[in-house]
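Hi,

Here's the structure I said I'd pass along.

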Amino acid sequence: VIINDGTFSEGYTYDAENWGMYQIYSGDKAKVTVNGGDFSQEWDCANGYDLCTGAEGTIEIYGGVFADNPASQNGKNFVAEGYKAVKAADGETYVVLPNTDNYDIVITDPAQLKGEVLTNYDNILLQLSAGKHTIDLYMSASFDANLTIIGTKGTKVEFAEQQVMMALVKNFTIKNCEILHMATKSWGHIVFGSGNKADGVYTIENCTFNGVGTQGIYINENTTGATYNILNCTFNGDFDNIDGKDGAITIQTNKGVNHIVNVEGCKFNNIPGTCHRIFLAPNDGLFYDFTLNTDLKATTAYELKMFLALGQENVVVANDITIDQINLRDRNKNVIIDCNNKTITTTAEYGVVINAGGWSSVELKNANIKMTRNGDYQIYAAGFKIENGDYTGKTIKLDNCTITMANTDWAYAINMPASVTNLNLDVNECALTGAIALQCWGDSNEINIDNSELICNYTTNALYTSYCLAFQNNGTSVAESNTLKVTKSKFNYIGVDNF
């Protein structure tokens, strides 16, 4: 929960002797972030505090007015790191402000950055009042300074010239501002040039981007190790060019550059289906060398592919999605794909493809994989294809999944070709339907099927034989030394009355 503004007054009748009542209560494992608001009314409660948390609950305060000191309530300090609570002018209430003790200099005029401030000070705070401010950070220089910009309610920032040259500073933070279109780039709000600093950290927090036309934030980083944090921001779209090449957050994919982009707690409004919340801009090709960490759920085929390609370890699907193929060939990490009981309709000959990469476990759960591509004698369609390779020490798990093939001939729900070896495959609470529900040609694999149903759509094709489960031998490739364990499961032939 994020509180940016508002007046919070006592308006509830309760037994003050026997009940604990609070202005803010953060329950078990919940988090409340307060960026502003008026909490100055004293609550008359014998058993409570203005602020309280349950087990593992947190309250972080970055601004606001409070009746009692939020840094000392119920034995806890709720003021965020880098901020402090001080007595207000009335001598009674407390206000939360940036802790200027942590800075070498505090300035209020952006023009001062053009002087000697960046040269002479390591930790700089630019504290902005309400209203519009123009900030020029386009300079061909480099400093080791840490620059923090903090606004308040009604602060609007317009960045001048072409971009924010991150090479200027080692660490950069901007918080609590509305960021306007750049003066010379009507389509961009904040464009980051390369920091050229491997340990540079650049943070945009609790900022609003209104009227995003193509990019709210554009990142063009050329240095491995730099970190960009985009936290609790709001992007309100107004896209004119809806050709699928635009995004509220756009990241240029530079070859061989592994910088880190963290996107958490953000809201995206009015983003048309032909545009994106996060968009990857090719640079002489589309490279997946950087790292993306986000709490966003995949709502489109584009996002699902992007999250997997960029190494997300926990990918959650939010909507039914039509996609050509879910491809895990290039992964180097473990991954859990939670399809959230949504339907994934695939149009390629293989629905999910995986190879023996650098991972040790892959889990697909709560998925309804629906194949639309028909197989034939040249292309054996498969809902889940495990590519050739040595899978020693690796586990693939399908949990609560339904895989349904489009037709009966030349179609496997799960296919393990001849050179798949030493794999641990767990199938739990799944329904697999195909001409062959599960086929194995490989050696020395361990297959565990629990509480599942393997359904064979019987075919009368004279060149084809149907099975629920098949360990194959064609005279050249022989499935041998495999271990099979089946518990609480069904094998069902559709099309044969007396099976």
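Strands β22 (residues 227-231) and β25 (residues 260-264) run parallel and are joined by five bridges. Across that pairing, L231 sits opposite E264 of β25. For the terms: strands are DSSP runs of E with at least two residues, helices are runs of H or I with at least four, and both are numbered from the N terminus. Two strands count as paired if DSSP finds at least two bridges between them.

Before I go on, this is a predicted model, so local features need pLDDT of at least 70 and side-chain atom pairs count only at pLDDT 80 or more, while totals for chains, interfaces and linings use all residues. Numbering starts from 1 along each chain as its sequence is written, and side-chain values use heavy atoms, with hydrogens and water left out.

Back to the sheets. β22 and β25 belong to an open sheet of eight strands with parallel pairing, in the order β10-β11-β13-β16-β19-β22-β25-β28. At its edges are β10 (105-107) and β28 (291-294), each pairing on one side only. From one strand to the next, the twist averages 10 degrees (axes are lines fitted to C-alpha atoms, for helices over the stretch in contact, and angles run from 0 to 180 degrees between N-to-C directions).

There's also an open sheet of six strands, again with parallel pairing, ordered β31-β33-β35-β38-β41-β44. Its edge strands are β31 (326-328) and β44 (467-471), each with pairing on one side only. Here too the twist averages 10 degrees from one strand to the next. Within this sheet, β33 (residues 350-354) and β35 (residues 381-386) are parallel over four bridges, and I354 has I386 in β35 as its bridge partner.

One more run of strands to look at: β39 (residues 420-428) pairs in parallel with β42 (residues 446-450) through five bridges, and β42 pairs in parallel with β45 (residues 483-487), also over five bridges. I447 of β42 is the bridge partner of L425 and stands opposite L484 in β45.

On a 1 Å grid over the protein atoms alone, a pocket is an open set of points with protein on both sides within 12 Å along at least five of seven lines, a cavity is a set where a 1.4 Å probe fits but cannot get out, and lining residues have an atom within 4 Å of a point.

- The largest pocket has a volume of about 760 Å³ (the space filled by probe spheres set on the points, with grid points joined across faces, edges and corners). It has 36 lining residues, and N4, N35, T152, K153 and N176 are the closest to its centre. β9 gives the most to this lining, with four residues.
- The second largest pocket has a volume of about 420 Å³. Of its 17 lining residues, E81, G82, Y103, T148 and T173 lie nearest the centre. β16 gives the most to this lining, with four residues.

Last, where does Q312 sit? It's in the loop between α2 (301-309) and β29 (314-316). Q312 is buried, with a relative accessible area of 5% (buried means under 20%, exposed over 50%, partly exposed in between, with a 1.4 Å probe and protein chains only). Its side chain reaches the backbone oxygen of T294 at 3.3 Å.

Cheers

Technical notes: Polar contact = N/O pair within 3.5 Å; in protein donor to acceptor, adjacent residues only side chain to side chain.
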